[in-house]
Amino acid sequence: MNPAMSVIDDLNAQDNAILSALPIPILLVNKENIIVKANDSCEDFFERSKNRIENRSVEQIIKFNDKRINDALVTMDNDLSAQNMEIITPSGSALVDVWINALQSHQDMRIIMIVKRREKRDYIGDHSEAGDQMAMGAPAILSHEIKNPLAGIKGAAQFLAKKADATELAMTNLIVTEVDRIARLLDQMQNLGNHNPVQFREENIHIILDQALQSIRIANPKFPDIITQYDPSLPNIYVDYDAVLQILINLIQNGIDACRDVENPEILIKTHYVMSGSLRRSNDQNTNTVKLPIEVVIKDNGPGVPDHIQNELFTPFVTTKREGQGLGLAIVRKFIRQLNSRILHERDEQNGQTIFRILLPMSHGIEK
């Protein structure tokens, strides 16, 4: 079977609908550098129909002013992520960010994603619908590829559990729990534009933090020092457990990644009560203020975020990690919005620390 058709056939109806609806141009390219599929957004961007894009050489459709990017379009050697590149269009030119990645399940196929840059990108606190669509929609193809190996991992863990002692059983149970959680996360990522309601319940923030640290320790054999300063008197929060867990895992993992080349890596996690935390929320009737008195602070002593992406931290596919997809903070932003919460980023240059602050609602007094 033609590998290109295999990729397309592997995508279910929902995945194909997501690919078509994404607000950014996405193309699938085979090893002969032929575009085998283009989504609807390509028509507006390249100012031609999909029939005049598909089955054409990628060099005929995409041309940058930078020779290095043009060369990368026709090589299978490496993945590529580039920001602020000038692309030639029928109307002139445009500044874009571009990502070229091999599909894990079809190594002779590549996916090319293009995001047109604006003069002013969304800031961390902004909650634009377009940004959320990109954050949750673009990973749909990757989600599809991840689900099959996840099932294999879960099955292997369940098989090992039959022969495990008490210590090993705790590990296999954690694997199964994490696989199920990741599968639920992937389901949410695939539902582009469908804002599935989160399940609000009373939760203990410290229990969620402990679960996040347990999960992260398994994934990071070389673990930096983590200092926890918990306020045991905090009231329960009113959130979705899985959403907050994923937020914490993503932020703590980012801190660990940032500290990999630091001589004495250190992460601080602190919880406390703040009087000033709030969020202004609007609906069809009025605008009200939601109090967010529970603060979780995550600090790391890594080098910090480069200046050129300071204002794009939560934009999908923006990353400084060689192996990263730039989705972690985009997913955090999505969940923060669903939880009617806030997240703030700052850099303490004097102490050499990167700081994320999460503001969450407490359970008492929340209308349920």
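**Phenylalanines, a helix and salt bridges**

Student: Phe45 and Phe46: buried or exposed?

Tutor: Phe45 and Phe46 are both buried (under 20% relative accessible area; exposed is over 50%, partly exposed in between, with a 1.4 Å probe and protein chains only). This is a predicted model, where local features need pLDDT of at least 70, side-chain atom pairs count only at pLDDT 80 or more, and totals for chains, interfaces and linings use all residues. Residues are numbered from 1 along each chain as its sequence is written, and side-chain values use heavy atoms, leaving out hydrogens and water.

Student: How many aromatic pairs are there?

Tutor: The structure has two (ring centres of Phe, Tyr or the six-membered ring of Trp within 6.5 Å; planes under 30 degrees apart are stacked, over 60 edge-to-face, the rest tilted). Phe45 and Phe46 make an edge-to-face pair, with 5.0 Å centre to centre and 85° between the planes.

Student: New topic. What span does helix H10 have?

Tutor: H10 covers residues 241-258, 18 residues in total, and reaches 26 Å from its first C-alpha to its last. That is close to the 26 Å expected at 1.5 Å a residue (1.5 Å times one less than the number of residues). Helices here are DSSP runs of H or I with at least four residues, strands are runs of E with at least two, and both are numbered from the N terminus.

Student: How many H10 residues are buried?

Tutor: 13 of the 18, so H10 counts as mostly covered. At the start of H10, a side-chain oxygen of Asp240 comes to within 3.1 Å of the backbone nitrogen of Asp242.

Student: And how many salt bridges?

Tutor: The count is eight (a side-chain nitrogen of Lys or Arg within 4 Å of a carboxyl oxygen of Asp or Glu). One of them joins Arg68 and Asp66, at 2.6 Å from N to O.

Student: Are those two ends buried or exposed?

Tutor: Arg68 is exposed, at 62% relative accessible area, whereas Asp66 is buried, at 18%.

Student: Which residue does Arg357 bridge to?

Tutor: Glu295, with the closest N and O atoms 3.5 Å apart. Arg357 sits in strand E14 (residues 353-360) and Glu295 in strand E12 (residues 294-300), so the pair ties together parts 62 residues apart in sequence. Glu295 is buried, with a relative accessible area of 7%.

Student: What about Glu346?

Tutor: The side chain of Glu346 also meets that of Arg357 in a salt bridge, 2.9 Å from N to O. Glu346 is in strand E13 (residues 342-348), eleven residues from Arg357. Glu346 is partly exposed, at 33%. Shared partners join Glu295, Glu346 and Arg357 into one network of salt bridges.

Notes
A polar contact is a pair of N or O atoms within 3.5 Å; within protein, one must be able to donate a hydrogen and the other to accept it, and residues adjacent in sequence count only if both atoms are side-chain atoms.
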